[in-house]
Amino acid sequence: MKNISLTIDGNEVKAKEGMTVLQAAKTAGIEIPTLCNHEDLEPYGACRLCTVEVVKNNRVRLVAACCYPVEEGLIVKTSSERVNKIRKIILELLLPLAPTGPLYALAEKYGLCECVKKSDEESEWRMIKESRFPAEKPTYCTLCGLCVRYCAEIKKGNVIGFVGRGVDRKVSLVPEENCGFCRDCENICEGGKFFSLLEL
Amino acid sequence: MKKLQSTSDMEKLRKELLQKRDSSKSCISICSGTGCHAYGSEKVVSAFENELKKQKLEGKVEIKRTGCHGFCEKGPIVVIYPEEICYLQVKIEDVTDIVSQTIKAGKIIDRLLYTDLKTGKKVVHESEIPFYKNQTRLIFGNNRKIESKNIDDYIALDGYNALGKALSEMTPEKVLGEVKKANLRGRGGGGFPAGRKWGSVRNAPGEPKYVIVNCDEGDPGAYMDRSLMEGNPHSVIEGLIIGAYAIGSHEGYVYVRQEYPLAVENTELAIKQAEEYGLLGKDILGSGFDFTIKIHRGAGAFVSGESSALMSAIEGKVGEPRPKYTHTSEKGLWDKPTCLNNVETWANVPFIINKGADWFRNMGTENSKGTKIFSLVGNVNNTGLVEVPMGITLREIIYDIGGGIPNGKKFKAVQTGGPSGGCIPESQLDIPVDFDELGKVGSMMGSGGMIVMDEDTCMVDIARYFVKFLSQESCGKCTPCREGLRHMLRILNDITSGKADEEDIELLEELCEVVKDASLCALGQTAPNPVLSTLKYFRDEYEAHLQGECPAKVCKELIQYYIDPEKCKGCGLCLEKCPTGAISGEKKGVYTVDVEKCIKCGACFEVCNFDAVSKISSKECK
């Protein structure tokens, strides 16, 4: 495989052909936030949290780092003002739907919430400002699709899938499929709580 | 049917077909496009068949069910050849008169002719009606001359001549060169140069290569691809075969939505007929080139018109877009190099091959060549499908072809490009219509929807309508599009019901920016356009809603119905029509509306013959 050299946040980064920008950044120790990416699964490009700016032929584009393949000479900006604004809005959109630990932890980095100590053992997440995008009630699901894709791609099960379109999209078990109760879907779910509601 | 072994075989067939035709013989051609179909054209056809039998003219007069003529406002359309007498809105009751007077006695029936809106004069010939006269009907022109289900009609009009020419006289490289030189740009929305796309697919490593016709038109109010596919399917198929030859593909797909049953039927038939003539299959016209076409019926998702989603759907998966950082021209259908073009794009190809790139380049503007078909709908006198050279102004389309705004109302905006397009105000009507200029004013060419809106339209409500459409049609895969549209719709609902403030508009703008920048596919990336363009040109209407007023008196929550006692004649029609018993009063007295019971359906407003019912701002009432 060809060696490729690109610039991420001003650092020269060496990568192999076929890698994504997200992978290349990771090898260089540069962290790009993501919800839907998993190293064992095909890139999906759904959460858009990994949106970065790339400059090619003097043209600036916003792309999903988890899907964009590295190219020779590519310039990547992983935390420009524009990129951070996108991430903040995406997190603000998702938090009322999925108020879970991992999402709060991400949101903290963008100044949306803080961890408040209640006692020595206990602490809780608190929004610095209420999200401007209220949800009717939390679903504890960001629709990242990790469970769906893990079941399909790794377990070849297809026991869990998406139903509905657009704003009605949700994750659902496929009743006619035989579930082996490996519970990998539950384990891969970052929020966790969603599956306790789904009653596997 | 005999298989055609060579181009000279096809020439021979064409000569035979033309010899068999008697141009002096009367022919009644009846538009059988979906619009006229809905008006009952099929019943008119049967009535003609019966009448010809009755008047002993069977066999002496030909009847043709043609494709859509485009002047859908006035369907069913009947044209009598060879005189080209055009009758509009023909009913079964008119058929006896047409046969006995026009066919037998050569007399013209005035009442069925078109009346010029300006001069009041009757127009006899179809081509002299201003609606048609001001168009350049290159791609769409043959629709009205061809019986959609008959390949011979297409061949007689030089159909498949370009294919013969390409296969026998041109190398694939030369075909590709000609299309590149013509600068044919994709008619489906993006406007990407077709020749460049073809070249990428041709040069991409991997076999087999696929070619696809995208007939998943789904914009509200748009039906040009449908009409072309229904009316003249062979023109699209011929373009596809030529493209496949240039690209080096031997397998093609026509993706057509299941909701277009006539398009599915006519395309299936056209493929079968082309196979029987040997225009599809092995060794086409003795050239050694093999090519087959399959039909894939779409299950009715707007987002499936997006190329990667469409390809997923053909593969049997859910029609969801995937990131296209590696182009579908390299990794498309089943990860093989794939060329997808829209119906109209493919239909342009035979013309370019027949007449040459230089001829094609003579039409249009510097960077947008040829013609474009628009579906002109909404508050415009002449609703229908229009084909115009690129570069014509919006004003010419709406006023010269469309005949202006009905009922003496004022023009407010025209929405181009479908749900992802923008609303263009009066001040921009003189811009030339092409791919680049429409983009500059915040809209886009899209696939060619054109919705005209008059002064009674609320622009905030229009933005809300399109955002609602998109929030339901988004696949829901990526966060900005799914959640962004959800909240854009919520904010727009708040604005149209008077519950929003200035901060909400700012939030709406902020959201639009993110949805545009961060969405996965073009559906999301362009979804904010209806909001952004109305905010740009009609911000005052948004501001008015914040003050609790809908200037066009459309938004239900901000208006009330009121009966003017001075004008009310006490006929009681409104009381009769009111579904909720909100109207009370005595005959010959004066009627009143109980605002508590009124659901603002507008039934009273519609039926009142004395203009006594009016819509007033709720604010005024308080």
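In chain A, 48% of the contacts between residues at least 6 apart in sequence join residues at least 24 apart. For chain B, residues 24 or more positions apart make up 71% of the contacts with a separation of 6 or more. Keep in mind that this is a predicted model. Here's a quick tour of both chains, the nonpolar cores and some backbone details.

**Chain A at a glance**

- Chain A has 6 helices and 9 strands.
- Of its 200 residues, 46% count as buried.
- On the charge side, chain A carries 28 positive and 28 negative charges, and their mean positions sit 6 Å apart.

**Chain B at a glance**

- Chain B brings 26 helices and 19 strands.
- Its radius of gyration is 27 Å, close to the 25 Å that the globule rule gives for 622 residues, so chain B is as compact as a globular protein of that length.
- The C-alpha trace of chain B spans about 80 × 65 × 40 Å along its principal axes.
- Of the 622 residues, 60% count as buried.
- The accessible surface of chain B is about 24400 Å², and 48% of it belongs to carbon and sulfur atoms.
- There are 80 positive and 87 negative side chains in chain B, with the centres of the two sets 4 Å apart.

**The nonpolar cores**

- As background, nonpolar side chains tend to be buried together in soluble globular proteins.
- The largest nonpolar core here has 120 residues, and B:Tyr160, B:Trp198, B:Leu279 and B:Phe291 have the most contacts inside it.
- Helix 11 of chain B (residues 233-247) gives the most to this core, with 9 residues.
- Setting aside neighbours within four places in sequence, B:Leu279 touches residues including B:Leu4, B:Met10, B:Ile151, B:Tyr160 and B:Ile241.
- A second, separate core of 82 residues takes in A:Tyr140, A:Leu146 and A:Val148 along with B:Leu508.

- For context, most residues other than glycine have a negative phi, and most peptide bonds are trans.
- The bond from B:Tyr81 to B:Pro82 is cis, with omega near 5 degrees; B:Pro82 falls in the loop between strand 3 (78-81) and strand 4 (85-87) of chain B.
- Another cis peptide bond joins B:Glu207 and B:Pro208, with omega about -5 degrees, and B:Pro208 is in the loop between helix 9 (194-203) and strand 7 (210-215).
- A:Arg48 isn't a glycine, yet its phi is positive at about 70 degrees.
- You'll find A:Arg48 in the loop between helix 1 (21-27) and strand 3 (51-56) of chain A, and at 4% relative accessibility A:Arg48 counts as buried.
- B:Lys600, also not a glycine, has a positive phi of about 60 degrees.
- B:Lys600 belongs to the loop between strand 18 (592-593) and helix 25 (603-607) of chain B, and B:Lys600 counts as buried at 18% relative accessibility.

**Towards the end of the numbering**

- B:Ile616 is part of strand 19 (residues 613-617) of chain B.
- With a relative accessible area of 18%, B:Ile616 is buried, because that value is under 20%.
- The C-alpha atoms of B:Ile616 and B:Ser375 are 34 Å apart, and the two residues are separated by 241 residues along the chain.

Note on methods
Residues are numbered from 1 along each chain as its sequence is written. Chains are lettered from A and ligands numbered from 1 in the order in which they are written. Side-chain values use heavy atoms; hydrogens and water are left out. Helices (H or I, at least four residues) and strands (E, at least two) are DSSP runs, numbered from the N terminus. The radius of gyration is taken over C-alpha atoms; the globule rule is 2.2 Å times the number of residues to the power 0.38. Buried means under 20% relative accessible area, exposed over 50%, partly exposed in between (1.4 Å probe, protein chains only). Contact means heavy atoms within 4.5 Å. Accessible areas come from the Shrake-Rupley method with a 1.4 Å probe; for residues, only the protein chains shown count as cover. Lys and Arg count as positive and Asp and Glu as negative; His and the chain ends are not counted. The place of a charge is taken as NZ of Lys, CZ of Arg, CG of Asp or CD of Glu. A nonpolar core is a set of buried Ala, Val, Leu, Ile, Met, Phe, Trp, Tyr and Cys residues joined through side-chain atoms within 4.5 Å.
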